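This short report goes with the sequence and the 3D structure shown below. Please keep both in view while reading.

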Amino acid sequence: MVDASLKSRKRSRTFSRKASVSPPTSSRKHFLSDKVEHFTESVIREMTRQAMLHGAVNLAQGFPDFPAPLEIKQAARQAVAADLNQYAITWGAKNLRHAIARQMHAWQGITVDPEKEITVCCGSTEAMISTLLAVCNTGDEVVIFEPFYENYGPDSILSGARPRFVKLRPPKNSDEEWTFDEKELRRAFHPQTKAIILNTPNNPTGKVFARAELELIRDLCLEYDVLAITDEIYEHILYDGAKHISMASLEGMSDRTVTINGLSKTYSVTGWRVGWAVAPENISNAIRKVHDFLTVGAPAPLQEAGAAALALPAEYYAKLAEGYRVRRDHLMPVLNSAGFKCFRPRGAYYVMTEISAFGFDDDVSFARHLVQTVGVATVPGSSFYRDPRDGARQVRFAFCKKTETLDEAARRLHKLADTRK
Ligand code: PLP
């Protein structure tokens, strides 16, 4: 913390000559970074604040409203009681890193050196920005599928890279898959492409990338010497027999993939802020340096609890996925009968919907009506696209909620009947 009086002393010395002509504080735009000018505050987090303000059911932000597993809460309590209160090793507590390596081997057959190839961060959010800061130079390009998890755009900008978007196209029939055009993807790869960010299972579409799609991306990464940064935070939340395949498990990709994951979604602890990046040693070294200066380390006792979480038996993951399948199948008929067209997710815990049946100009005015009048918070589709017009007929619902919460949302959504065209 900078001492306030020191700060004001320093400022008055720097600006003393101009003091009489300085514009009012609010207009001092030159104090701000150009980078920050290029993005806005998170719409998802903003919708959560709106939900609280209007007493709305929050189906906007992707956090569970039900308890985390007892075993891991006990492990967290024990870690605090054992006075694990000081900094963990910067790149992560040994127990957690070894548990991550064991899990990657068990689930994906990937061999990882826990001493050299894993960096534990404050959530996968920090793992992603640390990775991009570690690998990108100004002028590099990063390929991103859109609609995209909204952090990826600002993350690229903060790291000096230029995002290049490739469209995921919604299916005509809501039961089919979102797809991308191979030619469009190929056109996005250039000599200046540094990385592609891939999120599978995908937020917001629920798409689970198939092996053939991953192989196509792999071939382009090899052809253009590009790094794959894969956000696999929903790896265990899968439906209808969908299988998650880690990019790093594909032949030729182990030395050019950064795999990002975390505790938040798999163990229903989004507030614990523990995530990680798994990468080859040279890239891990760079990520560790950035991470060290950004945050020093993730919460030490919660890393120990994380090691206990990763040791949960296979049945835990089967139950987790089944619980979310039940919630998905509970919410989708409600949305369909309220007038939404739903795109059936194969993974993650969101339903992307089409809102053309309602008489609203765009997604933002619709979402505002929903939160303020109907009492249900959603995320306007435009926040997942570079060009807001592409998401102007969509909103996203999160179903990581208790049955009672989904039932209350269903009750309120009846009010929407008045607005149907
Ligand atoms: N990645 C994706 C695709 C997400 O949807 C989210 C949260 O909604 C995150 C990352 C954030 O994860 P964490 O809590 O580990 O920072």
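The model is predicted. The protein chain contains 14 helices and 13 strands. Its radius of gyration is 22 Å, close to the 22 Å that the globule rule gives for 421 residues, so the chain is as compact as a globular protein of that length. Along the principal axes, the C-alpha atoms fill a box of roughly 60 × 60 × 55 Å. Of the 421 residues, 54% are buried. Among contacts between residues at least 6 apart in sequence, 74% join residues at least 24 apart.

The accessible surface of the chain is about 19,500 Å², and carbon and sulfur atoms account for 53% of that area. There are 55 positive and 50 negative side chains, with the centres of the two sets 6 Å apart.

Strand β13 spans residues 394-398. Five of its five residues are buried, so β13 is largely enclosed by the rest of the structure. In a regular strand, side chains alternate between the two faces of the sheet. Both faces of β13 are covered: Gln 394, Arg 396 and Ala 398 are buried on one side, and Val 395 and Phe 397 are buried on the other.

| Partner strand | Residues | Direction | Bridges to β13 |
|---|---|---|---|
| β10 | 350-354 | antiparallel | five |
| β12 | 379-380 | antiparallel | two |

On the β12 side, Val 379 stands opposite Arg 396 in β13.

How values were computed. Residues numbered from 1 in each chain as written. Predicted model: local features only at pLDDT ≥ 70, side-chain atom pairs only at ≥ 80, totals over all residues. Heavy atoms only, no water. Buried < 20%, exposed > 50% of the residue type's maximum accessible area, 1.4 Å probe, protein only. Helix = DSSP H or I, 4+ residues; strand = E, 2+ residues; numbered from the N terminus. Pairing = 2+ DSSP bridges. Rg over C-alpha atoms; globule rule 2.2 N^0.38 Å. Contact = heavy atoms within 4.5 Å. Areas by Shrake-Rupley, 256 points an atom, 1.4 Å probe, with all protein chains shown as cover. Lys, Arg positive; Asp, Glu negative; His and termini not counted. Charge placed at Lys NZ, Arg CZ, Asp CG, Glu CD.
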